[in-house]
Amino acid sequence: MAEVNSTGNEVPSNMTIYINNLNEKIKLEELKKSLNAVFSQFGKILEVLAFKTLKHKGQAWVVFEEVSSATNAIRQMQGFPFYDKPMRIQYAKTKSDIIAKSDGTFVPREKRKRHGEKGRKKKEQHDTNQAGMGLNPAFSGAYGATGHSQVPYPGGVMVPEAPAPPNSILFIQNLPQETTPTMLQMLFCQYPGFKEVRMVEAKPGIAFVEYGDEVQSTVAMQALQGFKMNPQNSMLITYAKK
């Protein structure tokens, strides 16, 4: 914890990153899901924190399991255009409750900042909200299939026996049921030539992503193949059949 972050700020490297300059028009739950989708590529996320209060608008915290994940996220996502605004990211100045509890340094919030019943109630409500953020294990795969059936191997359940030739449109499978077009756009627009995301409302768990040409779509496919939108779902990407 003695390392000082690369931005020169006197904030030690830690497992929690602080993000600001976020688009304030985005609904809270959508913001949390999108942040989870974008940052889960760097490692296991323990929780994503964002609040409705005026004081905390345009801000969020992402808590990783490993310091290295937080470090890579800061280096690679600094300035990333998230909902049309560049993210500003740094290590969090204070340790998140979930980390403090795990290493034994947790002090109830009302003893640090508040005195009396009001502070205790707010802390309990916060904990209750976080408990409800757990991912639903029922979303283990598209159409109820298990994660193992999504692995691209010869004869695999979800892989066509005669795969489509390389083209500009990608077919995405094994997405969590709660995936939105915006979440996918955040991931795929990082790569040159991105055009659009199309999802089929009647068929949750799949999507189509279009690029300018097959070279650009191939770059995105190789970069995001196996990307985990959540711990249960590894993205399976193939070329779309035309």
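Strand E7 is largely enclosed by the rest of the structure, because 4 of its 5 residues are buried. Buried here means under 20% relative accessible area, exposed means over 50%, and partly exposed lies in between, with a 1.4 Å probe and protein chains only. The model is a predicted one, in which local features need pLDDT of at least 70 and side-chain atom pairs count only at pLDDT 80 or more, while totals for chains, interfaces and linings use all residues. Residues are numbered from 1 along each chain as its sequence is written, and side-chain values use heavy atoms, with hydrogens and water left out. Helices (H or I, at least four residues) and strands (E, at least two) are DSSP runs, numbered from the N terminus.

**The sheet that contains E7**

E7 belongs to an open sheet of 4 strands with the order E8-E9-E7-E12 and antiparallel pairing. The edge strands are E8 (194–199) and E12, each of which pairs on one side only. On average, neighbouring strands of this sheet are turned by 25 degrees against each other, direction ignored. Such angles are taken between axes, which are lines fitted to C-alpha atoms (for helices over the stretch in contact), and run from 0 to 180 degrees between N-to-C directions. Two strands count as paired if DSSP finds at least two bridges between them.

E7 pairs with strand E9 (residues 207–211) in the antiparallel sense over 4 bridges. E7 and E12 also run antiparallel, joined by 4 bridges.

| Residue | Opposite residue and its strand |
|---|---|
| Ile169 | Glu210 in E9 |
| Leu170 | Val209 in E9 |
| Leu170 | Tyr239 in E12 |
| Ile172 | Ile237 in E12 |
| Ile45 | Phe64 in E3 |

In a regular strand the side chains alternate between the two faces of the sheet. In strand E12 (residues 236–239), Leu236 and Thr238 point one way and Ile237 and Tyr239 the other way, and all are buried.

Asn174 lies in the loop between strand E7 (169–173) and helix H6 (181–188). With a relative accessible area of 2%, Asn174 is buried. Asn174 is 52 residues from Gly226 in sequence, and their C-alpha atoms are 9.8 Å apart in space.

**The sheet that contains E2 and E6**

Another open sheet is formed by 4 strands in the order E2-E3-E1-E6, with antiparallel pairing. Strand E2 (45–49) and strand E6 (88–91) stand at its edges; each has a single partner strand, so one side of each is left without a neighbour in the sheet. Here neighbouring strands are turned by 20 degrees against each other on average, direction ignored. E2 pairs with strand E3 (residues 60–64) in the antiparallel sense over 4 bridges.

**Two loop residues with positive phi**

Tyr83 is found in the loop between strand E4 (81–82) and strand E5 (85–86). Its phi is near 50 degrees, a positive value in a residue other than glycine. Asp84 also has its place in the loop between E4 and E5, and has a positive phi of about 70 degrees although it is not a glycine. Tyr83 counts as buried, at 10% relative accessibility, whereas Asp84 counts as exposed, at 76%.

Helix H1 (residues 28–39) has 12 residues, which at 1.5 Å a residue should span 16 Å; its end C-alpha atoms are 16 Å apart, which agrees. The expected span is 1.5 Å times one less than the number of residues. H1 is largely enclosed by the rest of the structure, because 9 of its 12 residues are buried. The buried residues are Leu28, Leu31, Lys32, Ser34, Leu35, Asn36, Ala37, Val38 and Phe39.

Ala70 is found in helix H2 (residues 67–77) and is buried, with a relative accessible area of 0%. Ala70 and Tyr18 are 52 residues apart in sequence and 9.8 Å apart in space, C-alpha to C-alpha.

**The second largest pocket**

About 170 Å³ of space lies in the second largest pocket. On a 1 Å grid over the protein atoms alone, a pocket is an open set of points where a 1.4 Å probe fits, with protein on both sides within 12 Å along at least five of seven lines, and lining residues have an atom within 4 Å of a point. Grid points are joined across faces, edges and corners, and the volume is the space filled by probe spheres set on the points. The lining includes Leu28 and Leu31, both of them among the buried residues of H1. Other lining residues include Asn23, Glu24, Phe51, His56 and Gln59. By class, the lining divides into 4 nonpolar, 4 polar and 4 charged residues. Ala, Val, Leu, Ile, Met, Phe, Trp, Tyr, Cys and Pro count as nonpolar, Asp, Glu, Lys and Arg as charged, and the others, Gly among them, as polar.
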